[in-house]
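Please look over the fold below.

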Amino acid sequence: MAAEAPSSPTTTPVRTVVLFSGNVLRPSKSRALASRIGERLAAAVGNVNLTPLDLCDAGRALGAAYARSEFSAQAEHVVSSLENADALVVVTPIHNGSYPGLFKHLIDFIDRDALAGKPVLLGASGGGQRHAMMIGHELVPLFSFFAAQISAYPVFEPDRALETAPDEIDQMTYRIDRAVRQFALMLGP
């Protein structure tokens with residue numbers, strides 16, 4: 001009778017999750033929200049490598065680029081990181097009822113097939129609750145175009161909630177945890 005090979009413990013692969021925030025300044029409320037989502041995701045899943053990136057990491061030259069061949073090294077790093085991540089958390093500030101134009105400019109350079117099937121958790125920060133509609137009206141269609149696997153629970157936080165009122169922080173944590181639980185299922189074991 002042949003001896004059985006010793007079983008090796010199964011390891012869960014570490015997944016790279018880019019926390020992309022559409023801010024052009026730091027500190028940023030959208031960056032703070034992306035970081036909170038990332039912290040809760042790391043606690044819930046454990047086997048993730050979080051890579052925080054901001055729109056401002058792409059550099060000022062991004063706005064002058066008409067083609068990806070004109071990118072600076074910083075802009076190429078941001079776009080290729082989004083394309084190569086296992087999953088994305090995308091949070092953007094809301095300006096004049098929409099995402100910033102430079103945010104859309106960067107997204108326009110992503111390869112059309114790079115996000116297909118990729119889990120994406122969407123979020124936004126803005127002035128008030130009516131801004132929350134922007135996620136469903138603009139961010140979901142944008143990432144649907146890329147055939148991304150969009151989480152059913154986006155996270156919107158009004159700017160005032162991100163400024164530390166304790167009861168609002170508890171509500172925000174509840175909303176983030178609900179979104180993270182759904183997103184963790186999308187990431188798999």
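Leaving aside neighbours within four places in sequence, with which residues is Ser 81 in contact? The answer is Val 18 and Leu 53. Contact here means heavy atoms within 4.5 Å.

This is a predicted model, in which local features need pLDDT of at least 70, side-chain atom pairs count only at pLDDT 80 or more, and totals for chains, interfaces and linings use all residues. Residues are numbered from 1 along each chain as its sequence is written, and side-chain values use heavy atoms, with hydrogens and water left out.

**Ser 81**

Ser 81 lies in helix α2. Helices (H or I, at least four residues) and strands (E, at least two) are DSSP runs, numbered from the N terminus. Ser 81 counts as buried because its relative accessibility is 15%. Buried means under 20% relative accessible area, exposed over 50%, and partly exposed in between (1.4 Å probe, protein chains only). A polar atom of the Ser 81 side chain lies 2.7 Å from the backbone oxygen of His 77.

**Overall fold**

The protein has five helices and six strands. Along the sequence they follow the pattern β-α-β-α-β-α-β-α-β-β-α. Of its 189 residues, 45% count as buried. Among contacts with a separation of 6 or more, 80% come from residues 24 or more positions apart.

**The cores**

A nonpolar core is a set of buried Ala, Val, Leu, Ile, Met, Phe, Trp, Tyr and Cys residues joined through side-chain atoms within 4.5 Å. The largest one has 34 residues. Phe 20, Phe 103, Leu 106 and Phe 143 have the most contacts inside it. Two or more residues each come from β1 (15-21), α2 (73-84), β3, α3, β4 and α4. Helix α4 gives the most to this core, with five residues. Apart from this core lies another, of 19 residues, among them Val 17, Leu 41, Val 155 and Met 172.

**Helix α4**

Why does the span of α4 agree with its length? At 1.5 Å a residue, its 13 residues (133-145) should span 18 Å, and its end C-alpha atoms are 18 Å apart, so the two agree. The expected span is 1.5 Å times one less than the number of residues. A kink of about 30° lies at Leu 139, shortly before Pro 141. The bend at a residue is the angle between axes fitted to the seven residues ending there and the seven starting there.

Met 134, Ile 135, Leu 139, Leu 142 and Phe 143 are buried in α4. The buried residues of α4 pack against β3 (87-93), α3 (101-107), β4 (119-126), β5 (149-150) and β6 (155-158). Beyond its neighbours within four places, Phe 143 is in contact with residues including Val 90, Phe 103, Leu 122 and Ile 150.

**Loops and backbone**

Most residues other than glycine have a negative phi, and most peptide bonds are trans. The peptide bond from Arg 26 to Pro 27 is cis, with omega near 0°. Pro 27 sits in the loop between β1 and α1.

Gly 46 is in the loop between α1 (29-45) and β2 (48-54). At 56% relative accessibility, Gly 46 counts as exposed. Gly 46 and Val 14 are 32 residues apart in sequence and 8.6 Å apart in space, C-alpha to C-alpha.

How values were computed. A polar contact is a pair of N or O atoms within 3.5 Å; within protein, one must be able to donate a hydrogen and the other to accept it, and residues adjacent in sequence count only if both atoms are side-chain atoms.
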